[in-house]
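Keep the structure open while reading.

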Amino acid sequence: MTIKMVFLAVIGAVILVTGTTSLKRQIRLKKTGMKGEGRVLRAKHIQKRDEKNYLIQNYYELRVEYSKEGRRKEVSVNSIDQYCCGDQIYLTEDVDRKKKIRISGEDREAVFTPRTLIICGILIISLPFVWDQLGEKYVSGILSALLLFSGADLIAAYFKAKCRKTEKIEAEIDEVLKWQPGAKKKWYSPAVSYYPIIKYKINGEERTMRSRYNSSTESFFKKGKKVMLYRDTDTGNILERGPRKSMLIGGGCMMMFSFVGVYSTVLLFLGR
């Protein structure tokens with residue numbers, strides 16, 4: 001087996017592990033995760049800057065009241081989004097972190113589902129073995145299947161976003177947060193990520209949120225740049241991205257190439 005084949009198997013294994021981990025977490029959340037509505041009692045804005053005046057911490061300490069099994073409880077949670085006293089928020093128990101209660105919907109929404117990642121991981125792992133044992137005909141079929149599942153997920157994600165009821169909110173980048181896990185060492189410097197802090201208004205009230213998206217380039221996000229946010233009218237959640245035609249076009253192209261691949265594979269088997 002060549003180095004290229006080993007590399008493919010490793011990539012497939014990483015994708016497979018990512019998919020299985022996400023699926024296990026998803027199942028555990030459905031089975032044991034407490035989901036319910038809470039009310040913000042207090043909110044405190046925490047900010048910290050380093051010696052070069054870079055913003056390195058920006059979050060909100062919330063005291064939230066909620067009900068569980070008919071009993072009223074209170075809990076402290078941290079949020080990268082701004083909430084005010086009296087706001088209604090949705091809570092969930094993080095089963096992977098000793099049932100720590102956190103705010104639902106603060107994770108970035110994944111494009112590919114765990115099941116698709118698992119299938120694609122298995123297919124990629126099988127590529128070098130199929131090539132070695134069965135030959136090019138079967139490899140073409142596997143590549144076609146990869147394009148088919150990936151394209152279908154992109155198209156599904158687009159229509160899911162398209163069907164969601166949202167309203168547009170004009171916003172702008174107010175600050176840029178510098179995130180560097182760990183301290184610099186003599187021979188090693190941890191990778192730095194930059195997150196924009198976005199300022200927007202809801203019902204005339206100004207609020208901020210830390211973006212779920214980042215860049216390794218400091219100049220990528222410009223202070224004062226206008227951006228567009230989307231508010232889910234059903235849940236009240238603020239979304240950074242609406243339906244993107246690039247997902248629909250990309251998914252459509254993948255599906256088309258997968259059909260071409262299937263057709264070519266059939267011709268190979270027929271010996272034409």
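The side chains of R39 and E65 form a salt bridge, with an N to O distance of 3.2 Å. The model is predicted. This pair ties together distant parts of the chain: R39 sits in strand β1 (residues 35–49), E65 sits in strand β2, and 26 residues separate them. Side chains of opposite charge can pair when their charged atoms come close. Across the whole structure, the search returns 13 salt bridges.

**Strand pairings**

E65 also takes part in a strand pairing. Its bridge partner in β3 is E74. V64 faces V75, again in β3. Strand β2 covers residues 55–68, strand β3 covers residues 71–79, and the two run antiparallel. Nine bridges join them.

How many residues lie between β2 and β3 in their hairpin? Two do, and E69 in that turn has a positive phi of about 55°.

Strand β6 (residues 166–179) pairs with strand β9 (residues 226–232) in the antiparallel sense, over seven bridges. Within that group, I169 stands opposite L229 of β9. β9 is also joined to strand β10 (residues 238–239), by two bridges, and this pair too is antiparallel. Here R231 has I238 of β10 as its bridge partner. β9 and β10 make a hairpin with five residues between them. G236 lies in the turn and has a positive phi of about 85°.

| Strands | Bridges |
|---|---|
| β2 (residues 55–68) and β3 (residues 71–79) | nine bridges |
| β6 (residues 166–179) and β9 (residues 226–232) | seven bridges |
| β9 and β10 (residues 238–239) | two bridges |

**Cavity**

How many cavities of 30 Å³ or more does a search of the whole structure find? It finds one. The largest cavity has a volume of about 30 Å³. Its lining consists of A161, R164, T166, Y230, L239, R241, G242 and P243. By class, the lining divides into four nonpolar, two polar and two charged residues. Several of the strands above meet this lining. T166 falls in β6, which spans residues 166–179. Y230 belongs to β9, at residues 226–232. L239 is part of β10, at residues 238–239.

**Surface patch**

Which residues form the nonpolar patch on the surface? They are L147, M256, F257 and V260. Together they have about 360 Å² of accessible area. Helix α4 (residues 245–270) gives the most to this patch, with three residues. F257 is one of the residues found in α4.

Note on methods:
Residues numbered from 1 in each chain as written. Predicted model: local features only at pLDDT ≥ 70, side-chain atom pairs only at ≥ 80, totals over all residues. Heavy atoms only, no water. 1 Å grid on protein atoms, 1.4 Å probe; cavity = no way out; pocket = protein on both sides within 12 Å on 5 of 7 lines; lining within 4 Å. Points joined across faces, edges and corners; volume = space filled by probe spheres on them. Nonpolar A, V, L, I, M, F, W, Y, C, P; charged D, E, K, R; others polar. Patch = residues over 30% accessible without salt bridge, like charges linked within 9 Å, V, L, I, M, F, W, Y side chains within 5 Å. Areas by Shrake-Rupley, 256 points an atom, 1.4 Å probe, with all protein chains shown as cover. Salt bridge = Lys/Arg side-chain N within 4 Å of Asp/Glu carboxyl O. Helix = DSSP H or I, 4+ residues; strand = E, 2+ residues; numbered from the N terminus. Pairing = 2+ DSSP bridges.
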